[in-house]
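Hi,

Here is the structure I promised to pass on. Have a look at it first, and then read my notes below.

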Amino acid sequence: MTALATGRIVILGAGLAALSAALRLAPRPVLVVSPDPLGQGASSAWAQGGVAAAMDPADSPEAHAADTLRAGAGLVEAEVARLVTGAAPDHIRDLTALGAPFDRTETGAYVLSREAAHSASRVVRVGGDSAGAEIMRAMVAAVRRAPSVQVLEGAMATGLETRAGRVIGVRLMRTPASAQVVLHAPAVLLAAGGVGGLYALTTNPPRIAGQAVGMAARAGAVIADAEFVQFHPTAMDVGLDPAPLATEALRGEGAHLVNAQGVRFMLAVHPDAELAPRDVVARAVYLQAQAGLRPALDTRHCLGPRILTEFPAVAAACARAGIDPTRAPIPVAAAAHYHMGGVESDRDGRSSLPGLWVCGEAASTGLHGANRLASNGLLEALVFAARAAASIGAEVAAG
């Protein structure tokens, strides 16, 4: 096996967490390793709803943190929730400065959607349901411009290289048949996604199937809350895997979940009906499907033809499936969506192994508990990418 050395900090992954950290580390030299062309194949680009942040003067980070705690079923670390929600507005402003085209009102205020288990409208969005794709487009453009960032596309990490309990590099290969190369590096940031591809139905890129957590576990890192997998309740049930997503913002606009008998079944399940926490709604949708009652999301009364222009990603997915959402409900199913667990990290993104940091969906930070609050995923990626980058920068500089 060939061994090489680099003075660059190695980042495994190319989603929002990875690219955000790469930019935050500038001007320190960074190598971003991505199996796919930059901007493709990352779960971040598939996110529809947006980024949760208390941007309304009537809202507050404290209220956002309280909602996060309630959604997490008693297992959220309160201090982490306060840290993340307190940092959220500044990260929205940073993304705006980077070029993310968030929806704005005529007065320049951010357009805010309400999603499940939020007590206020606080999800900052792009084009109704295109937040992930547009944020990633701006992020990729910034990374391409950054002289400190080198991108290695078409390469896959197969393991972490350790010595005396410390991560000292990564093992890489181009194809399953190619020879592996060991690349020694001063620090490794693991930001290579979750576990959705392990499940029969997922809303994630199917290639992302727990490789990041597996590599860290084999190297000896502590894994936390691995049992907590969030299922999105309104993946489109149109025979596709990965399943297109009917964003939660539709329910925020007033869409109803109904079954084949026309019954709005969430009214009997939870006081918040369709805006109950995701785990509650997902279980209800699953039970309806198991009973042969074919659950569906009805947007006709609240959006009508507006869905075609205000939620273009949903409208396009419906068109591909031969569904006209202005005339009929959208069939839905619960699908694996987000891994709350992962590689245990501290508040600066450090794993239990010296030399290894982690952020994004691969990490277990204590923010989500047993159930992630809607649109806190992209927010967590941004906040912990920044904190991990600061920590790595300080340690590499000291070394």
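A quick definition before the notes: a salt bridge here is a side-chain nitrogen of Lys or Arg within 4 Å of a carboxyl oxygen of Asp or Glu. Also keep in mind that this is a predicted model.

By that definition, the structure holds 25 salt bridges. One of them joins the side chains of Arg 347 and Glu 77, at 3.3 Å from N to O. Arg 347 sits in the loop between strands E17 (342-344) and E18 (356-358), while Glu 77 is in the loop between helix H2 (61-71) and H3, so this pair ties together parts that are 270 residues apart in sequence. Arg 347 is partly exposed, at 30% relative accessibility, and Glu 77 is partly exposed too, at 37%.

Two others are worth a click. Arg 251 and Glu 248 meet through their side chains at 3.1 Å, N to O, and both residues are buried. Glu 274 and Arg 264 form a salt bridge at 2.8 Å, N to O. Both lie in the loop between strand E14 (256-258) and helix H7 (278-290), so the pair ties together parts 10 residues apart in sequence. Glu 274 is buried, with a relative accessible area of 3%, whereas Arg 264 is partly exposed at 28%. There is also a network of salt bridges that links Asp 59, Asp 67, Arg 70 and Arg 122.

Now for the inside. The largest nonpolar core has 56 residues, and Ile 11, Leu 16, Phe 102 and Ile 135 are among those with the most contacts within it. Elements giving two or more residues to this core include strand E2 (9-12), helix H1 (16-25), helix H4 (131-145) and helix H10 (376-398). H10 gives the most, with 10 residues. If you zoom in on Ile 135, you'll find it touching Leu 16, Val 51, Leu 95, Ala 100 and Phe 102, leaving aside residues up to four places away in sequence.

Val 151 is another spot to look at. It belongs to strand E7 (residues 149-153) and is partly exposed, with a relative accessible area of 24%. Leaving out residues up to four places away in sequence, Val 151 touches Leu 31, Val 32, Leu 38, Val 143 and Arg 144. Pro 37 is 114 residues from Val 151 in sequence, with 9.4 Å between their C-alpha atoms.

Last, the surface: Leu 198, Tyr 199 and Phe 231 form a nonpolar patch there, with about 270 Å² of accessible area together. Phe 231 is in strand E13 (residues 229-236) and counts as partly exposed at 31% relative accessibility.

Cheers

Methods. Residues numbered from 1 in each chain as written. Predicted model: local features only at pLDDT ≥ 70, side-chain atom pairs only at ≥ 80, totals over all residues. Heavy atoms only, no water. Patch = residues over 30% accessible without salt bridge, like charges linked within 9 Å, V, L, I, M, F, W, Y side chains within 5 Å. Areas by Shrake-Rupley, 256 points an atom, 1.4 Å probe, with all protein chains shown as cover. Helix = DSSP H or I, 4+ residues; strand = E, 2+ residues; numbered from the N terminus. Buried < 20%, exposed > 50% of the residue type's maximum accessible area, 1.4 Å probe, protein only. Core = buried A, V, L, I, M, F, W, Y, C linked by side-chain atoms within 4.5 Å. Contact = heavy atoms within 4.5 Å.
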